[in-house]
Amino acid sequence: MATIGASFSGSPTRLSTPARIGLHVLLFLFSTIMLAPFAVMLVVSLIPNTAFLARDFSPANFSLQNYVRTFEAVPFGRYYINSIVVAVSVTVLQILISSLAAFAFARLRFRGREAIFLFYLATLMIPFPVTLIPNFLIVKNLGWYDTYLALIVPSLFSVFSTFLLRQYYRGLPLDFDEAARMDGASSLRIWWQIIVPLSGPVLATLSIFVFQGVWNDFLWPLVVTTSETMRTIPVGLAAFVGQYSTAWDLLMAGSVIALLPVLVLYVIGQKWFVQGIALSGMGGR
Amino acid sequence: MTPHTSSRRLFRWRPDQQWEGYLFILPSFLGFLVFIVLAVVMSLGISVSEWGLTGFKGFAGLINYQQLLRDPVFWQTSWNTAFYIVTIVPLQLALGLIMAVGLNQAIRGALVYRLIYFMPVVTTIVAGAIVFRLLLSTNGPVNSLLASAFGLFNLPFSAPNWLGSSQFSKWSVVLLTLWKNTGFTMVVYLAALQGVPRELYDAAHTDGANGWQRFRNVTLPLISPTTFFLFIFQMIGAFQLFTEPFVMTRGGPANSSLSVVQYIYFAAFRDIRMDKAAAMAWVLFIFIFAFTLFQNFMQKRWVYYESE
Amino acid sequence: MKLKRMMGIGALVLMMALVLSACTGVGLQPAAPAESGEQAMAGEPTVITWAFWGSPEEAASHKRVADAFMAEHPEIQIEVWNQPWDDYFTKIQALWASGDAKVIPDVAFLWPTPRYAAEGVLENLDPYIEASGYNLDDYWPGLLESAKFEGSVYGFPRDIEANVIYYNKDMFDAAGVAYPSDDWTWDDFLAAAEALTQKDANGMTTVYALAAEGGKWTKWVNQNGGGILDDYTNPSTCMLTDPASVAGIQFFADLMEQGYAMRPADLNQAGGDAGVFSSGQAAMILQNTSRVSAFNAAGMNYDVAPAPTPADGKRWNGAGGAAWVMSSGSDNKDAAWTFIQWLQSDGGGQTLYTEAGEIFPALQSVANSPAFMTDQPPANKQAIITEAAASDVGGFGYFPEWGELSGSIIEPGMEAIWAGEVDVESGLADICTQVDQFLADNEYPK
């Protein structure tokens, strides 16, 4: 079993024409459902709040005014920079740390491995409101309140990422490690030169997932920052939801702006993701 | 002797792996101890105390837990959360797999479809929830569509009050969650499907297996580690559902869509009952932990690993 | 084997938990009030951190108030700390939990005051009031009760919710209904509602007579002589099954059942009462003065009237509002008091907020001054004064657990009634069972 791996294939068989048409209809239907909310988001972001509340969607109301106003109403540019700094650092460092641990959990044998892992797994289910205040106190005592450190460091240790990578690493054939060890390679080398290059698809998936999670995280940045200059986009957007009224127009415009970089990242990641799959198709072996 | 057993023996021969193992997990483990274990342990301490805004006021023993068991709202939220789990998890796995299998065929536009399905995953949940409120409102687009469909086929139904009735409010949350997360399931499944070796299909094809049989006997077992991962992941997601009902229905009407975690949040930050919140979290945690142990045990029966 | 090891880990965790909670318990005591930092250096202004919630526009108006204060008091510098409404409480609680006097605001806008006072994070204002001779009689009747804890004042409500009926004059004219009088009754209201409501061929309402938020029910109950609890500071039993309370709830529920009033869940989905009133989907709303500036900006043809009362009932308005409080951990308490006192004075903050159309003031003198009595619509400002003058307890509990009781049991129970999912009698009976159990669990009456 483990020796197979000469070629991996995305498409098992060719489809007949009726089957292909049927498939397209189904996929198109899914697409419509998935896209409908975005259409609403876009429309609301393009008309003034008063027009939206009166459900007046006449073409004369449409303009890009809300996008400009979003930047005028709050220092959105600064929020943007903060979000990028935090999301990029967390994504890179978290995956690195998780990957090391996952490699050990999946492919090294040491005492207590299963027990420690089960311990990790168990904490995956701790509901976050409960760790919120303790973590706030920890960060406060470390003197990190209202700094990038508070936004970044506690998010670097993800049981979820470790779990995901371990699942993937367990699925890779052990022959590679074996052959490399025969050649005298260290575990660190095996991890960096064999396992990491082989995990293209899973790393692409995971980085997009981690990035969007941090990008959209709200409660934690809210609690550990206080100055305007440390706010991230979701915390900034929340300012448009008031006690008595909501600035729907600005909220939606801000959400569309916030969506863009993640979408761009995904489009880029998707290309790499396909390459990653081609590479991990192990054609290079 | 198969290569399988030889590789196991080779691994056991290397005593230095003991220390290497610890070194590899060290960075992760240190952070884990400080930001997860310490926080969790503190919350356990809080749950057996009387804990106010400014901290410790006295030991309470199990009083917080006893109060909880008598609290009808806690039972209501437990039931709601159970509902979310049994609807969201299977539906999301099934829909995600259907999408992934569909996109794993040689068809035009697969990349575009994939992008479209994934877009909700990267969208701010708050914006998504607000849009769903508009879509599902009593006179909203969804109900207009349903009403005309019922009219067309002369069906004796009326469009539901998605957000304003106890009967449907949970379903609104389920719909939003499916929209938001199915794309992630799809992508993970797709990565798994693309890792299935072609030779196995060819072999099955030669043996005369039809499409469904190949899917059932080759694909499903080979992607079972992924299914296991997604299953656990979605279970946890469903157990911890928070933002979706929080923004869309505020848990209403009549607590009908209130999730356990949302109730924990209210206890902590609306009612300033940190102790009660911590006790609830621990009840939830014990429950999920037991479930995970059970799953970890059960997975041996249906999950297939190459390197074992 | 594995199980044994697991249990070992479990025991270890539990031990750590107990040790840690004991340690953190000590560490978490609020910091001792800093050694007199007041006017540390002559000439340097004392810095006061001032916390409030609000959108960017609201924040701008608060900043104008702070500027006006600093112009009058150059010795005090106000630094504002602003968060969106939804997140303000989570955030400020985290600050208090840190026990760090440096980050805790000196003066904050807060609700519900008794909950925080019970936690010991608020300064008892009685000594300051006594020393300065600050006049408490100018507040609307019952209003200060909402900011009291164990008999002492812990905050000053900034405004009061004076709920009145806003009515669309054009729609009344079109339906041939006379404008509401200042002493109209529930029966008059029902007659007007029937004439104003428009229904389609299927009997579905297209234009509602009334759109009122679900939370406004306390008015009908108290007008009719009913109540929520037998005592609002130290309750012993739920009063919602009292016939007078039931009749009040029934009045509101019937309005919805007959299609005269929009169900609160539908109202919420339709964009709130301001939205349906400005778009002509409802002829009347029951609301406080927070809508005035929006309706004036939209140039609507409307006026306000006092709420209708039952024939043998009374006029009643809920006395409560978010209050300015002082943090007990503040290291500049005298300056904080100077600021709070100025905020809550005629000619100070009260007047500025009222002139800006932001609030209906907590002080009667300001309400009767030109700051409120402008020539802007609504014309019948006396209606608002009439409702405010009838303010009384009965809308909220003034004990620490009220927020939990109301948010988890009473309001959700009411939602089931407004949705028409349970009938009024059994719905209220169910609420009262849970309320009584909650009170017993929390050892009330104390």
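Where pLDDT is low, the predicted coordinates should not be read in detail.

For chain A, the mean pLDDT is 81, with 88% of its residues at 70 or more. Among the elements of chain A, helix H7 (residues 148-152) has the highest mean pLDDT, 94, while helix H14 (residues 248-280) has the lowest, 72. Helices (H or I, at least four residues) and strands (E, at least two) are DSSP runs, numbered from the N terminus.

## Reading the model

This is a predicted model, in which local features need pLDDT of at least 70 and side-chain atom pairs count only at pLDDT 80 or more, while totals for chains, interfaces and linings use all residues. Residues are numbered from 1 along each chain as its sequence is written, and chains are lettered from A and ligands numbered from 1 in the order in which they are written.

## How the chains meet

Let us start with chains A and B. Their contact brings together 83 residues of chain B and 84 residues of chain A. Helix H2 (residues 17-47) of chain B gives the largest share of chain B's side, 20 residues. That side of chain B has 59 nonpolar, 19 polar and five charged residues. In these classes, Ala, Val, Leu, Ile, Met, Phe, Trp, Tyr, Cys and Pro count as nonpolar, Asp, Glu, Lys and Arg as charged, and the others, Gly among them, as polar.

Chain C also touches chain A, with 20 residues from chain C and 20 residues from chain A. On chain C's side, helix H1 (2-27), helix H3 (85-98) and helix H11 (272-278) each supply at least two residues, and H3(C) has the largest share, eight residues. By class, this side of chain C has seven nonpolar, eight polar and five charged residues.

## Two domains in chain C

Chain C is divided into domain 1 (43-160 + 321-367) and domain 2 (164-318 + 401-441), with bounds from an automatic or database domain assignment. Taken over C-alpha atoms, the centres of the two domains are 31 Å apart. Four residues of domain 1 and six residues of domain 2 take part in the contact.

## Strands of chain C

An open sheet of five strands runs in the order S2-S1-S3-S13-S6 (chain C), with mixed pairing; two strands pair if DSSP finds at least two bridges between them. Strand S2 (76-83) and strand S6 (155-157) of chain C are the edge strands, each pairing on one side only. S6(C) pairs with strand S13 (residues 323-326) of chain C in the antiparallel sense over three bridges, and Phe156(C) has Trp324(C) as its bridge partner in S13(C).

Elsewhere, strand S7 (residues 164-168) of chain C pairs with S11(C) in the antiparallel sense over four bridges. Tyr302(C) in S11(C) is the bridge partner of Asn168(C). Both faces of strand S11 (residues 302-305) of chain C are covered: Tyr302(C) and Val304(C) are buried on one side, and Asp303(C) and Ala305(C) on the other. A residue is buried if 20 or more other C-beta atoms lie within 10 Å of its own, exposed if 12 or fewer, and partly exposed in between, with C-beta atoms placed from the backbone.

Note on methods
Two residues are in contact if their C-beta atoms, placed from the backbone, lie within 7 Å. pLDDT is the predictor's confidence in each residue, from 0 to 100.
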